[in-house]
Amino acid sequence: MTDTSEIGTYRRLFADKFAEVEQLLADLPPAALTWKPFESSPWQGAAGSLGWLTAHAISSTVYLLKRAEWTMGRIEWSEVQGDQGKEEFTTANHDPANMRARADAAQSYVQQMLDSLTYAELDASRPHVKRPELVFTARFDIQHAIEHMSQHIGHAQLTRQLWALQDGA
């Protein structure tokens, strides 16, 4: 039976997003991860590469869930970072197998975090360390992680389609 609870819904949404990451990376050559559809635009500048968009989707998801954990009092602020710290897309991430492993590790973290979550913790709130007028809530950070991941996966899906339209792709 499907878990229709709030936390169960988060599990399903994240599982769907990570399945989309797997689909994005399937049968992808390394060159595709660094390809950009354009280098400049009069609106918003350069396009992100397929690899950077995917790496950011993974990294920001971990970052936002770590921030939720901090809001709940589980970890220190210094531990709030993405899965690879400030380095989201290094040369090691030009390898699709490495990106798949990174996505798998992030998905494991997400599931462990959600499995340990209580409903009382979802209501936790806490002011930012340096900007106390900015108040974080655990529920918002979890929902924002899903929304933000979805946005970047959508960008990556479009970028992969454009890459596939090239000659020789």
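The lining of the largest pocket divides into 9 nonpolar, 7 polar and no charged residues. In that count, Ala, Val, Leu, Ile, Met, Phe, Trp, Tyr, Cys and Pro are nonpolar, Asp, Glu, Lys and Arg are charged, and the others, Gly among them, are polar. The model is predicted: local features need pLDDT of at least 70, side-chain atom pairs count only at pLDDT 80 or more, and totals for chains, interfaces and linings use all residues. Residues are numbered from 1 along each chain as its sequence is written, and side-chain values use heavy atoms, with hydrogens and water left out.

Stay with the pocket. Its volume is about 360 Å³. Of the 16 lining residues, Ala46, Ala47, Gly48, Leu53 and His155 lie nearest the centre. Helix 3 and helix 6 each supply at least two residues of the lining. Helix 6 gives the largest share, 5 residues. A pocket here is an open set of points on a 1 Å grid over the protein atoms alone, where a 1.4 Å probe fits, with protein on both sides within 12 Å along at least five of seven lines; lining residues have an atom within 4 Å of a point. Points are joined across faces, edges and corners, and the volume is the space filled by probe spheres set on them. Helices (H or I, at least four residues) and strands (E, at least two) are DSSP runs, numbered from the N terminus.

Now the core. In soluble globular proteins, nonpolar side chains tend to be buried together. The largest nonpolar core in this model has 39 residues. Such a core is a set of buried Ala, Val, Leu, Ile, Met, Phe, Trp, Tyr and Cys residues joined through side-chain atoms within 4.5 Å. Buried means under 20% relative accessible area, exposed over 50%, and partly exposed in between (1.4 Å probe, protein chains only). Phe14, Leu65, Met113, Leu114 and Ile142 have the most contacts inside the core. Helix 1 (6-25), helix 2 (30-34), helix 3 (50-71), helix 4 (96-116) and helix 6 (138-164) each supply at least two of its residues. The largest share, 9 residues, comes from helix 3.

Which residues does Ile142 touch, not counting those up to four places away in sequence? They are Tyr10, Phe14, Leu65, Ala68, Met113, Leu117 and Leu122. Contact means heavy atoms within 4.5 Å.

Next, the aromatic rings. There are 3 aromatic pairs. Rings of Phe, Tyr and Trp (its six-membered ring) pair if their centres lie within 6.5 Å; planes under 30 degrees apart count as stacked, over 60 as edge-to-face and the rest as tilted. The Trp70 and Trp77 rings have centres 4.8 Å apart and planes at 70°, so this pair is edge-to-face. Trp70 is buried, at 3% relative accessible area. Trp77 is partly exposed, at 24%. Trp70 also pairs with Phe136: centres 6.2 Å apart, planes at 80°, so edge-to-face. That pair links distant parts of the chain, with Trp70 in helix 3 and Phe136 in strand 3 (residues 135-137), 66 residues apart. Phe136 is buried, with a relative accessible area of 6%. Trp70, Trp77 and Phe136 form one aromatic cluster.

Turn to the loops. Most residues other than glycine have a negative phi, and most peptide bonds are trans. Asp27 has a positive phi of about 55° although it is not a glycine. Asp27 sits in the loop between helix 1 and helix 2 and is exposed, at 77% relative accessibility. Gln44, also not a glycine, has a positive phi of about 70°. Gln44 lies in the loop between helix 2 and helix 3. Its relative accessible area is 63%, so Gln44 is exposed.

Is Asn93 buried or exposed? At 0% relative accessibility, Asn93 counts as buried. Its place is in the loop between strand 1 and helix 4. Asn93 touches Leu33, Gln84, Glu88, Asn98, Met99 and Arg102, not counting residues up to four places away in sequence. Asn93 and Leu33 are 60 residues apart along the chain, yet their C-alpha atoms are separated by 8.2 Å.

Trp163 and Leu33 are 130 residues apart in sequence and 9.7 Å apart in space, C-alpha to C-alpha. Trp163 counts as buried, at 11% relative accessibility.
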